[in-house]
Each structure stands twice: as C-alpha cells, then as structure tokens.
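Reader: Please show me the sequence and the model. I will then ask about it piece by piece.

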Amino acid sequence: MIATLRKENGMTQLELANKMGVTDKAVSKWERDLSFPNVGSLPKLAELFHISIDELMQVKADAAEKETGNGFEEMAMLILKAVSLAMGVSVAALSFMNEIETDVAVGMLGIGLACLAIVLLRRK
C-alpha cells in the first residue's frame, strides 16, 4: 500500500523517508512488509498521501470486500437451498398427481441433492 501511494504521489523512497524523518531503508522495509511504520507516524503518513488513516490501514477496503463477498455467497447459498426445496416439492406434487415419470423424478431429486451437497460442503 505504501509503495503504491508513494509512486502515485511521485515520491522516491528517499523523499518519503526525509519527510517522515526515517531512513530510506525503513521505507523499503515498510514496502516489503518486513516492518511497519510507528503507530505515532501514521497520521503524518496519511497526511502526506492525502488519505485517512483508515484508508492507509486498508480497514474500509477490507470491510467492503468482506461485505460484498459475504452478500454474494449468502445469496448463492439461499438460491441453492431454494432450488433443492423446489425440486423436492415439485417431485412430490407431480408424483401425487401421477404427472411425472420415474426417470424425470430421479433426475430432479438428483439436482436437488446436488444443490444441498454444495451448500453443506461450502459450510466446511
């Protein structure tokens, strides 16, 4: 994150180091995730890059990615459950009315079971 921001702002490691009061080796280590800036220097670093401390720490970006990912996954799991339920109810209703052939019923139940298996496997 620091390397990207530094480059976007047209700074060298040495220039950033001078502005932060550290060595260019320290900046290099930050960029390679070998060490981290001092907590007290985060406000100054954020100010230099014209971003908030949250953005610098990637808190908002990570939270947004998790929310988006979880929402999609939850919806997919709900759809799979609905498909399995629909297959089971359809086979039961059509069988009761003698409107379905055995091989078609088995295929529909197989689809429903496959959907449930995906849901159960995803939980693990």
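**Exposure, contacts and a pocket**

Reader: What does Met75 count as in terms of accessibility?
Author: Met75 has a relative accessibility of 48%. Buried means under 20% relative accessible area, exposed over 50%, and partly exposed in between (1.4 Å probe, protein chains only). So Met75 counts as partly exposed.

Reader: What kind of model is this?
Author: Residues are numbered from 1 along each chain as its sequence is written, and side-chain values use heavy atoms, with hydrogens and water left out. Local features need pLDDT of at least 70, side-chain atom pairs count only at pLDDT 80 or more, and totals for chains, interfaces and linings use all residues, as this model is predicted.

Reader: Where is Met75 found?
Author: Helices (H or I, at least four residues) and strands (E, at least two) are DSSP runs, numbered from the N terminus. Met75 is in the helix that covers residues 59–96, namely α6.

Reader: Which residues make the nonpolar surface patch?
Author: Patch members have over 30% relative accessible area and no salt bridge; like charges are joined within 9 Å, and nonpolar side chains (Val, Leu, Ile, Met, Phe, Trp, Tyr) within 5 Å. A salt bridge is a side-chain nitrogen of Lys or Arg within 4 Å of a carboxyl oxygen of Asp or Glu. Accessible areas come from the Shrake-Rupley method with a 1.4 Å probe; for residues, only the protein chains shown count as cover. The patch, about 310 Å², is made by Met75, Leu78 and Ile79.

Reader: What pattern does the protein chain follow along the sequence?
Author: The chain has 7 helices and 0 strands. Read in sequence order, the pattern is α-α-α-α-α-α-α.

Reader: What percentage of the residues in the protein chain is buried?
Author: The chain has an accessible surface of about 8,900 Å², and carbon and sulfur atoms hold 62% of it. The chain counts 124 residues, and the buried share is 23%.

Reader: Among contacts between residues at least 6 apart in sequence, what share joins residues at least 24 apart?
Author: A contact means heavy atoms within 4.5 Å. Of the contacts between residues at least 6 apart in sequence, the share that joins residues at least 24 apart is 50%.

Reader: With which residue does Arg6 form a salt bridge?
Author: The structure holds 2 salt bridges. In the one formed by Arg6, the closest N and O atoms are 2.5 Å apart, and the partner is Glu31. The pair links distant parts of the chain, 25 residues apart: Arg6 in α1 (residues 2–8) and Glu31 in α3 (residues 24–31). Arg6 is buried, at 9% relative accessible area, and its salt-bridge partner is Glu31.

Reader: How many residues apart in sequence are the parts that Arg122 and Glu73 tie together?
Author: Arg122 forms a salt bridge with Glu73, with 3.0 Å between the closest N and O atoms. Arg122 lies in α7 (residues 102–123) and Glu73 in α6, so the parts tied together are 49 residues apart in sequence. Arg122 is partly exposed at 47%, and Glu73 is partly exposed at 30%. The separation asked for is 49 residues.

Reader: Which residues is Gln13 in contact with, leaving aside neighbours within four places in sequence?
Author: Gln13 sits in α2 (residues 13–20). Gln13 is partly exposed, with a relative accessible area of 25%. Leaving aside neighbours within four places, its contacts are Arg6, Asp24, Val27, Ser28 and Glu31.

Reader: Is Ser84 buried or exposed?
Author: Ser84 is placed in α6. Leaving aside neighbours within four places in sequence, Ser84 is in contact with Gly112, Cys115 and Leu116. At 12% relative accessibility, Ser84 counts as buried.

Reader: What is phi of Asp33?
Author: Most residues other than glycine have a negative phi. Asp33 lies in the loop between α3 and α4 and is exposed at 58% relative accessible area. Its phi is positive, near 55°.

Reader: Where is Asn98 found?
Author: Asn98 also has a positive phi, near 55°. At 68% relative accessibility, Asn98 counts as exposed. Asn98 is found in the loop between α6 and α7.

Reader: Which residues lie nearest the centre of the largest pocket?
Author: On a 1 Å grid over the protein atoms alone, a pocket is an open set of points with protein on both sides within 12 Å along at least five of seven lines; lining residues have an atom within 4 Å of a point. The largest pocket has a volume of about 300 Å³, the space filled by probe spheres set on the points, which are joined across faces, edges and corners. Helices α1, α3, α4 (42–49) and α5 (53–57) each supply at least two lining residues. The lining has 15 residues, and nearest the centre lie Ile2, Asp33, Phe36, Pro37 and Leu56.

Notes:
1 Å grid on protein atoms, 1.4 Å probe; cavity = no way out; pocket = protein on both sides within 12 Å on 5 of 7 lines; lining within 4 Å.
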